[in-house]
Structure formats: structure tokens, C-alpha cells
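Let us walk through this model step by step. Start where the chains meet, then look at one chain by itself.

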Amino acid sequence: MKERLSVMMLAARGTVYKVILLIAVTGIVQAGLFYWWMMRSISPDDIWLVNLESGMTDSHVVFAAAISFVILCAILSLNGCSFGSKAIYTFRRLSVSQKEVLCCWAVYNTLAVLLFWMSQILIMLGLCGMYKAVAPILCEQSGVPASNLPFGPQTVYIAFYRHKYLHSLMPMAEISRWIRNVILLGSLGICTATFSNSVRKGKKGIAIFVLVTVTLGMFCASVGMFEVDIVSGLIALGAGVGSGAIALGGVEDEAYI
Amino acid sequence: MIELKDVCKVYGGSYTRKEALNKVSLKLPQGEIVGLFGENGAGKTTLMKCILGYLKYDGEITLDGEPITTKNIARISFATNEHSFFPGLTAKGHAEFYAEHFPKFSEKRFKALMDFFELSYNAPIRHFSTGQKNQFEVIMAMCQGADYILMDEPFAGNDVFNREDFYKVLLGILEPHETVILSTHLLEEVENFIGRAVLLHNGRIVGDVTTTELEESGRTLMDYVKETYNYRSDRVVKVLRELSDTEKGN
């Protein structure tokens with residue numbers, strides 16, 4: 001067990017600070033974008049437009065999350081590629097098998113993606129809190145009565161139902177979206193791990209590119225979009241299981257060794 | 001003892017077939033320092049990679065009578081000029097990782113060698129110079145606690161003083177049970193360091209001699225190598241003479 005944990009720690013050593021820094025920077029950027037949106041949007045003429053859901057869309061916080069997600073996948077995928085060295089020689093001299101190394105790496109990467117997902121939920125909730133706390137002050141400064149702001153006790157709850165990104169982050173009672181998200185999470189962990197595993201063996205890994213494209217294109221979906229959950233879930237499942245099976249059953253390229 | 005019996009290794013398919021090792025049989029007892037010599041493509045690296053199980057081969061390779069598997073692979077370490085470290089990990093991180101995977105990892109030796117070569121403990125290895133990377137590669141192989149230390153051109157890119165230092169340190173710290181198998185082109189440099197020379201040519205062992213035998217016969221390692229490979233020194237003289245005759249004719 002100690003050896004397996006050590007392999008997982010090897011994966012963590014190379015990325016944990018980068019992932020934490022990425023999450024922090026993403027949070028700061030998203031907060032800045034949201035605050036800037038509030039600053040430029042609150043005016044006496046169209047205060048009714050300054051609602052939480054339009055803020056989430058117009059402030060481009062979702063775009064920032066998408067960029068951050070791509071960077072996260074790059075960090076996790078490139079970790080362990082060992083460019084400039086053939087670390088596979090060391091991996092192959094361990095008492096832990098190559099398959100176990102891959103599994104440890106996949107588990108760590110899944111946890112890293114989970115951390116990113118959780119952080120986005122918290123950041124989005126934080127932005128809701130920021131809206132509740134700061135928007136009234138900005139209204140007062142603009143000469144708009146704060147009572148005109150479209151914000152009530154149910155606003156955050158409704159936003160997490162109606163806004164595509166917020167709902168997909170935390171799909172409430174929509175079981176199919178939760179299942180799709182869990183599949184995405186696991187598949188991202190596997191595909192990022194198989195990418196570096198393939199590079200170490202002198203091969204290419206394309207599954208992660210497919211999965212990132214699918215996630216970017218299909219992650220955000222309205223409530224009740226069952227077909228999107230099915231399609232994106234199946235593609236993610238195929239990418240994860242397929243690349244995992246190829247990596248576990250693959251024969252090493254002797255020309256590379 | 002590592003024993004190779006009729007080991008054959010063929011690269012490529014039917015059109016690009018290359019016989020890298022041809023019925024190689026060799027015994028490598030514990031406590032020897034063996035130099036593995038041969039021209040480029042002679043099969044030195046392939047031989048080492050077959051011992052480590054990195055390549056599939058025909059024949060038999062055993063370690064104390066047992067096949068080499070994940071159970072006993074920790075008894076063999078490998079330093080290669082291709083490098084096998086984790087570039088993003090620090091030296092300290094490597095030591096911790098090795099200590100968890102190789103029960104006999106020698107922290108004392110690691111510290112001594114790191115300090116001797118004045119390498120940084122806390123910088124990722126990718127920031128090291130090529131020479132420092134080579135040094136680190138050899139340090140890790142030396143500290144793993146292996147009985148057999150395989151080194152494949154480990155000093156490519158290091159200056160002569162650096163190499164000289166390393167040979168001296170190596171001789172000073174090796175335990176009697178440790179075996180070093182060193183593949184290199186630097187014949188004259190390692191002559192006083194090795195105890196036995198194995199010569200490969202076109203995937204075959206064409207020479208196997210101890211340095212004691214060489215001393216007794218009054219030959220140097222270079223003499224032995226030239227003799228074994230039928231090196232014709234008159235070839236150079238002949239070519240130069242022909243060239244100068246041609247120039248005079250013009």
C-alpha cells in the first residue's frame with residue numbers, strides 16, 4: 001500500500017501546487033469579472049436586467065472557468081510525461097506494476113478534477129453572496145433604490161436551476177446530470193492519466209482531447225436536457241473506458257524503449 | 001550472479017530485421033566491475049535492456065538462478081545517458097520516492113554524493129545542466145541499494161575531470177558485493193577502474209578478459225581491443241599516402 005501511495009504522491013508532487021494556484025487565480029479572475037459586470041451594469045434605467053443569472057452569463061465567468069478547465073487538463077495530462085527523460089525506465093523497476101501506476105495516477109487526477117469542480121461550486125456560491133452583499137451598495141452609489149434589485153430569498157436557488165452552468169455544476173434533483181458528471185469526472189481522471197502513460201511509452205493519447213472538447217461543448221445544459229446527458233455521458237464513458245482498456249492492455253513500443 | 005544463456009534479440013520486421021544480440025552467453029558474478037565495450041550498434045545497450053527486462057528476447061537471463069521480475073528487479077539499478085529520473089521532481093523528492101520503493105536505498109551515500117558533486121537538493125532536475133543530470137542519474141543508480149549497477153554511457157556530456165572524480169569516488173564507495181557493468185567508449189579512462197572487459201561486436205561477444213590477464217600478458221586494454229577487432233592502423237597511413245599522392249599528381 002505504501003508503494004502505491006508513494007506513486008500517487010509522485011503525481012501529486014508535480015501538480016498539487018499548480019492546481020491550487022489555478023483554482024485561486026480562477027476564483028480571483030471570476031470575482032473580478034463579476035464585480036466589473038456589476039459596476040458597469042447597475043444603472044437607474046435597466047436595473048431589472050441586473051439579475052444574478054444574467055450576471056453569470058454577461059460577466060463571462062463561465063468562459064473563465066472553461067479556460068481554467070483546459071489548463072487544469074493540460075497540467076494533469078502533462079504531469080508524468082517526463083519530457084527530456086525516460087522515466088518509464090524507473091517505473092519499470094518498481095515493485096508496483098505499470099497497471100497499478102496508471103490506476104494510482106488516474107485516482108489522483110480524478111481527485112484533482114473533483115477539487116476543481118467543488119471549487120467552482122464554492123466560487124459560484126461566493127459570487128452569489130457577492131451579488132447579495134455588493135449590488136445594493138453599488139445601487140445606492142448609482143442612485144438606484146436597492147429594493148429595486150431583483151434579489152429575493154429564492155434567487156440563488158432558482159439561479160442554480162435555471163442557469164445552464166450553475167445547474168450543471170450542481171444539478172440539484174436531476175439524477176441524469178449527476179450521473180453524467182460523475183462519468184465525466186472519472187473519465188477525465190483516466191484520460192489525463194493515460195495521456196502521460198502513452199507519452200512515456202512513445203505513443204499518443206487522443207482521448208483527453210475528445211473528452212475536453214465534449215466537456216466544453218456539452219457540460220452546460222438546461223434543466224431537463226436528458227438527451228445531452230445521455231450523449232455526453234456515453235462519449236465520456238467511451239473515452240474513459242476505451243483509453244483505460246488500451247493503456248492497461250497495451251503492448252509497449254520496443255522501438256521507443 | 002546474473003547469467004545470460006544464448007540470449008538473442010532481433011529488432012524490426014522481415015524487411016528491417018536487425019540482429020542486435022546473437023546467442024550471447026555471459027556470467028556476471030557479484031563484486032566485479034565489468035566494462036562493456038563495442039562500436040555503436042554492437043549491442044551494449046540492448047544487452048542491458050534485456051537484463052532489465054525492458055526488451056523481449058529469446059534465451060534465458062537469470063539473477064541467482066531466478067528469472068528477473070518485479071520481485072527481484074530492485075537488485076538491479078540503471079543509469080543511462082537517456083536519463084530515467086522524473087524531470088519535475090527535486091533531488092530530495094527522488095530520494096524520498098526511492099526510499100519508499102527500494103528498501104536498501106542508502107540515504108547516507110545519497111547525501112555524500114550529492115554534496116560531493118554540489119548538486120541542489122531542492123531544484124527540479126530539469127533545471128540541472130546536462131553534466132549535472134548525468135551525475136544525478138548515476139547517483140540514483142549508486143544509492144538504490146542494488147547489487148548490480150548497470151551504467152550505459154553515463155558520463156556522456158561530462159568533462160574529463162568530472163569523470164575522473166567519479167571513477168575515484170565510485171571505487172572508494174563500492175561495497176564488495178556490488179557489481180558495476182559499465183558500457184562506455186572511453187576505454188583508456190576506465191582501464192584502471194574495471195576488473196574485466198567484455199567486448200561486443202555485431203551482437204556477439206568477441207572478447208572477455210580480466211585486467212589481471214591483460215597485465216600478465218603485458219598488453220593494455222586498447223591493445224586487446226585493437227587485436228580483437230583486427231584494427232588495421234596501416235589503413236590510416238595508406239589513405240593519407242594515397243591522398244597526398246593524388247594532390248601531388250594534380
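Chain A and chain B bury about 2400 Å² between them. Carbon and sulfur atoms give 55% of that area. Buried area here is the accessible area (1.4 Å probe) that two parts lose on being put together, summed over both. The model is predicted: local features need pLDDT of at least 70, side-chain atom pairs count only at pLDDT 80 or more, and totals for chains, interfaces and linings use all residues. Residues are numbered from 1 along each chain as its sequence is written, chains are lettered from A and ligands numbered from 1 in the order in which they are written, and side-chain values use heavy atoms, without hydrogens and water.

Who takes part? Chain A brings 23 residues to the contact and chain B brings 28 residues. Contact means heavy atoms within 4.5 Å. The rule also finds 2 salt bridges across this interface. A salt bridge is a side-chain nitrogen of Lys or Arg within 4 Å of a carboxyl oxygen of Asp or Glu. Find Lys86(A) and Glu82(B): their side chains meet in a salt bridge, at 2.9 Å from N to O.

Chain B has 9 helices and 10 strands. These are DSSP runs, numbered from the N terminus: helices are H or I with at least four residues, strands are E with at least two.

How do contacts in chain B span the sequence? Among those between residues at least 6 apart, 68% join residues at least 24 apart.
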